[in-house]
Structures are given as C-alpha cells and as structure tokens.
Amino acid sequence: SLHGDGAVSAAPLDGVRVLDLGRVLAAPWAAQVLGDFGANVLKVERPGRGDDARLYGPDALIDAAGARTLESAFHLCANRNKRSILVDLASAEGQARIRTLAADADVLIENFIAGNLARFGLDASTLGIVNSQLIYVSLTGYGQSGPYADRPGYDAVFQAQGGLMAMTGLPDGEPGGGPLKTGPSLMDVSTGQFAALAAVAALYQRYADAAPGQHVDVALLDVAVAMQAGSIQSFLETGRQPSRRGNYVGSSPTGLYICQDGPIFLSVSSPDHLHALATLASTVTPSPSPSGSGKANGTGLEERLRDAFRRTTRDRALERLAALGVPGAAVNRYDEVFADAQLRARALVQDIAHPASGTNTVRILSSPIFLGSHRSPSERPPMLGEHEPATGF
C-alpha cells in the first residue's frame, strides 16, 4: 500500500486517489494509466459540454434514436476506469470544490497552459499549501519554463518542432517524398505514459522516503525529442542530420514485399537473418523477364525475394519466415489487426455494457499490460457528469 497502512492492495495503486483535470488526450491518458493499475480516478469536466475530446472527430456512439452521443471515439480511448464529475473552474464554488478534493487527493493531473490555473488559485504552489503531500502533474506543450511556456500546441506541432516530422517519410526526390507526421497522435500518448510513470515514481518517493509532494513537469516537446532515441544520439555524436529513409531501417533486404494477397514487412538485423533469406530465395526459380527471354528479373537478394513473395500468400510467406527465424509481419489494416489470432488470444478488446449505446455495449481496449497472469479489469469510460453528486473520492 502506498499509504503505508500495511494492507495488501487488490491492485498496485488501489487506494491512490487521482484528480484528473486533463482535457483531450495526453493528460487524460496519464490518468487512465493510473486507473488501469487500480487508482481511484475522478475526471473533472465542464458542465454542459465536458472534456473537449467528447466533441472531437466524426465517430461516436449512437443512441437508440440514432443521434450522436458525447461518447466520442476520442473520449472512449482515454477515459476507462474513471468517474466523471462536473465542476466550473471559473466559479468560486468550483474552485472551492477542487481545493476540497485536492486536499484528499494523492495525485492531480492537468494540462492547462503554464500559469493558467494560477488565475483560479489551483496552481501547484497554492494547492501544495492545501495538501503538502500532493503529487501535482502538469502536462504542457512546452513545459513550465522557457520562452515558449505560454504557447499552445497540439501533437503534430511538436512532431514538427522536435525534429520527428523531418525524420519521418520518404526521401526528398522520391514520389511522395517529404516530412510526414505519424498517423496516430503518438506524442500525446507517449507524454501521457511518461507522466504516469513520473507520478508513480513521485508516489514511491513520497512513501519510501517520507518525502513531501512535488510538482511534476512533463512537456510534449521534450518527449518528442526524447522519443527519437538513437537518431538523436547519432546527431549529438556527429552533428549530422539523419536522412529520411521511409521503410528502410538500416540493413538490406529490410522492407516491404508484395505477396499475392497484400504486403508484408521484413526486418533484417543479423547475418543469420541474411543467411536464412538467401536459403529461401535459392529455392525459387526466378520469373521470366517480360521479354520472355528467360532471364531473371534481378540477381540480387532483394529481387529474388520479391520474386519469391509474389508467388505466395502472406500467411504462407510468414509461416516460412517464422520457421527460418526471420522477423516479419503482414501490413495489417485495423480489421485485420483485430482478426489476428495473436491479438485475439491476448484479449485486448472488451465488450462492455453502455447505457448510451443503442446496442447497450461498447468495444474498448484494455490496458496492454499483464500484471502476473491477468490484465487489470476495465470499466467503461463515464458519461458526462455520471457520478454527480460526488462530495469526495
């Protein structure tokens, strides 16, 4: 138990109280991670409209009358294992309510622009007087310091500013070449993961060392740079800007190959992989050239592999690659992802009853982490203000 009472928790963070003032994705994601591990999470939302994420994007649960609900896909992805309460932070009554809740909280998570919550008396310094043990976690675009601390921004902005966008995509000069953002909002999710880890570390320090609470400062721009790992380290060592390489990851014949029913991707990183692929390619008779001369399309390993894979299905190719110990996978669409035998065996998706849905269920992802032999159980994301009135945790 992180409260030091000697009790054995049913979940790692059972008994930890989290006040979630986050909006959209990064901060709600951090709170969701803590909720996955058993924390008691209260999600604070604006009366009437709620978290902006409830209105994001075209997709949402449809009610029995065929109308769109506030249960958007964006909301559903980041708010499992929480309860929703309604608080107007701009009102004196709402501010007093947050201070009361903060006095009893272990962790507060927020993602307002640096300095904004000070206007309401809800900043880290002020709430630290109310609760000296509070772990106050701020997720912002640029952090609590520096010349850009008061600037807004979203995921793709930090991919651009942090160098990730310049590293992603096809080389200049190739068709479709140029910088690209990632498909999903990976900077938001990564920042949420880092923030959750920092909250757990601060809680552990508070318990193990009898330390006071502290202000945790996590910036999307910092995370965007840190997530690039080896590419950034290479630049720090050499001063050279790495080039965009598309799907090439450093060793041929790594890359995309087309089978009869779609593409696969090979990742080759050792001499053993190359030897195995050479063995596979040597079992295939090269196709005749279009001229009919009988000459091979190419003599290199890549060309011979492309010829081999064109003659077979993805499943057969991947079975052969697995038998040879070569990493490879189908390039799956989402429908194929969730039809995959491995994902089905891992039971990552749950169907949970939902009163806002015409079918009375909603499909959501569970935490991807097993603790021991079990995943943490998931409760559906809350409807707006579902747990009002709530006088405490």
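1. Helices (H or I, at least four residues) and strands (E, at least two) are taken as DSSP runs, numbered from the N terminus. On that basis the chain has 14 helices and 15 strands. The model is a predicted one, so local features need pLDDT of at least 70 and side-chain atom pairs count only at pLDDT 80 or more, while totals for chains, interfaces and linings use all residues. Residues are numbered from 1 along each chain as its sequence is written, and side-chain values use heavy atoms, with hydrogens and water left out.

2. Overall dimensions and burial. Along the principal axes, the C-alpha atoms fill a box of roughly 85 × 55 × 45 Å. Of the 393 residues in the chain, 40% are buried (buried is under 20% relative accessible area, exposed over 50%, partly exposed in between, with a 1.4 Å probe and protein chains only). Counting contacts (heavy atoms within 4.5 Å) with a separation of 6 or more, 65% are between residues 24 or more positions apart.

3. The largest nonpolar core. A nonpolar core here is a set of buried Ala, Val, Leu, Ile, Met, Phe, Trp, Tyr and Cys residues joined through side-chain atoms within 4.5 Å. The largest has 36 residues, and Val18, Leu34, Val107, Ile109 and Val137 touch the most other members. Elements that each supply at least two residues include helix H1 (26–36), strand S6 (107–110), strand S7 (135–140) and helix H7 (186–208). H1 gives the largest share, seven residues. A second, separate core of 21 residues includes Leu19, Ile98, Leu101 and Ala102.

4. What does Val137 touch, leaving aside its neighbours within four places in sequence? Its contacts are Val107, Leu108, Ile109, Glu110, Ala195, Ala199 and Val216.

5. H1 against H7. These helices pack at an angle of about 45 degrees, with axes 7 Å apart (axes are lines fitted to C-alpha atoms, for helices over the stretch in contact, and angles run from 0 to 180 degrees between N-to-C directions). H1 is therefore oblique to H7; angles under 35 degrees count as roughly parallel, over 145 as roughly antiparallel, 65 to 115 as roughly perpendicular and the rest as oblique. On the H1 side the contact residues include Trp29, Val33 and Leu34, and on the H7 side they include Gly192, Ala195 and Ala199.

6. Helix H12 (residues 314–324) is worth a look. Arg314, Ala317, Leu318 and Leu321 are buried there. They lie on the same side of H12 because they cover an arc of only 95 degrees around the axis, the arc being that of the directions from the helix axis to the C-beta atoms. The face turned away from this buried side carries exposed Asp315, Glu319 and Ala323. Partners of the buried residues include strand S9 (255–259), helix H10 (271–282) and helix H13 (334–339). After H12 comes Gly325, with a positive phi near 80 degrees.

7. H10 against H12. Their axes come within 10 Å and cross at roughly 135 degrees, so the two helices are oblique to each other. Ala276, Leu277 and Leu280 of H10 meet Arg320, Leu321 and Leu324 of H12.

8. Finally, a loop residue. Ala114 sits in the loop between S6 and helix H4 (124–130). Is Ala114 buried or exposed? Its relative accessibility is 18%, so Ala114 counts as buried. Not counting residues up to four places away in sequence, Ala114 touches Thr140, Gly143, Gln144 and Ala149.
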